[in-house]
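Look at the chain below and follow it from one end to the other.

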Amino acid sequence: MQKSKGMTDSLRLQIIEEHLSGRSKYFLARKYNLKSISRITHWMRIFGLEDSPPKPVEEMSKKQSESEEIRSLQLELKRLKKSLAEEQLRSRAYDRMIDVAEDMFKIPIRKKPGTKPSGR
């Protein structure tokens, strides 16, 4: 029996095909002398295969899916507006903090418009 380290991709695909056709990972790990059943799962991810067949998707009416999409977009818009308001508040707080520091230490902290970047 081979170790998984020296296996070719074709053998790995064969093992995956056997699993997808109904063999258990435990059985295949014993048959091919694999250290653990997680190797098979790992290979399936590498080859872009799913462990179980995709579940059938129920078709929804066009109107129903559009209303769900609109609802989703409305929630996203609300979240983004809240995030924007928080960032604007944070920006004002930083501006105020700089103003206080400039007054307290009597030094200019903000760069003047049109200044060149430092040559670091």
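The largest nonpolar core has 11 residues: Met-7, Leu-11, Ile-15, Ile-16, Leu-28, Ala-29, Tyr-32, Leu-34, Ile-40, Trp-43 and Met-44. A nonpolar core is a set of buried Ala, Val, Leu, Ile, Met, Phe, Trp, Tyr and Cys residues joined through side-chain atoms within 4.5 Å. Helix 1 (9–20), helix 2 (25–31) and helix 3 (38–46) each supply at least two residues of this core. In soluble globular proteins, nonpolar side chains tend to be buried together.

A word on the model itself. It is predicted, so local features need pLDDT of at least 70 and side-chain atom pairs count only at pLDDT 80 or more, while totals for chains, interfaces and linings use all residues. Residues are numbered from 1 along each chain as its sequence is written, and side-chain values use heavy atoms, with hydrogens and water left out.

Now the overall plan. The protein chain has four helices and zero strands. From the N terminus, its elements run α-α-α-α. Helices (H or I, at least four residues) and strands (E, at least two) are DSSP runs, numbered from the N terminus. Of the 120 residues, 15% count as buried. Buried means under 20% relative accessible area, exposed means over 50%, and partly exposed lies in between (1.4 Å probe, protein chains only).

Go back to helix 1, where Glu-18 sits. Is this residue buried or exposed? Glu-18 is buried, because its relative accessible area is 14%. Its side chain makes a polar contact with the side chain of Lys-31, at 3.2 Å. A polar contact is a pair of N or O atoms within 3.5 Å; within protein, one must be able to donate a hydrogen and the other to accept it, and residues adjacent in sequence count only if both atoms are side-chain atoms. Leaving aside neighbours within four places in sequence, Glu-18 is in contact (heavy atoms within 4.5 Å) with Arg-23, Leu-28, Lys-31 and Tyr-32.

Next come the charged pairs. A salt bridge is a side-chain nitrogen of Lys or Arg within 4 Å of a carboxyl oxygen of Asp or Glu. By this rule there are seven salt bridges. One of them joins Arg-12 to Asp-9, with the closest N and O atoms 3.2 Å apart. Both residues lie in helix 1, three residues apart, about one turn of the helix. Arg-12 counts as buried at 18% relative accessibility, whereas Asp-9 counts as partly exposed at 44%.

Arg-110 lies in the segment after helix 4 and Asp-95 in helix 4, so the pair ties together parts that are 15 residues apart in sequence. Asp-95, Asp-99, Glu-102 and Arg-110 are linked in a network of salt bridges.

Finish at the surface. Which residues form a nonpolar patch there? They are Val-100, Met-104, Phe-105, Ile-107 and Ile-109, with about 490 Å² of accessible area together. Patches are made of residues with over 30% relative accessible area and no salt bridge: like charges are joined within 9 Å, nonpolar side chains (Val, Leu, Ile, Met, Phe, Trp, Tyr) within 5 Å. Accessible areas come from the Shrake-Rupley method with a 1.4 Å probe; for residues, only the protein chains shown count as cover. Met-104 is found in helix 4 (residues 62–105). Met-104 counts as exposed, because its relative accessibility is 58%.
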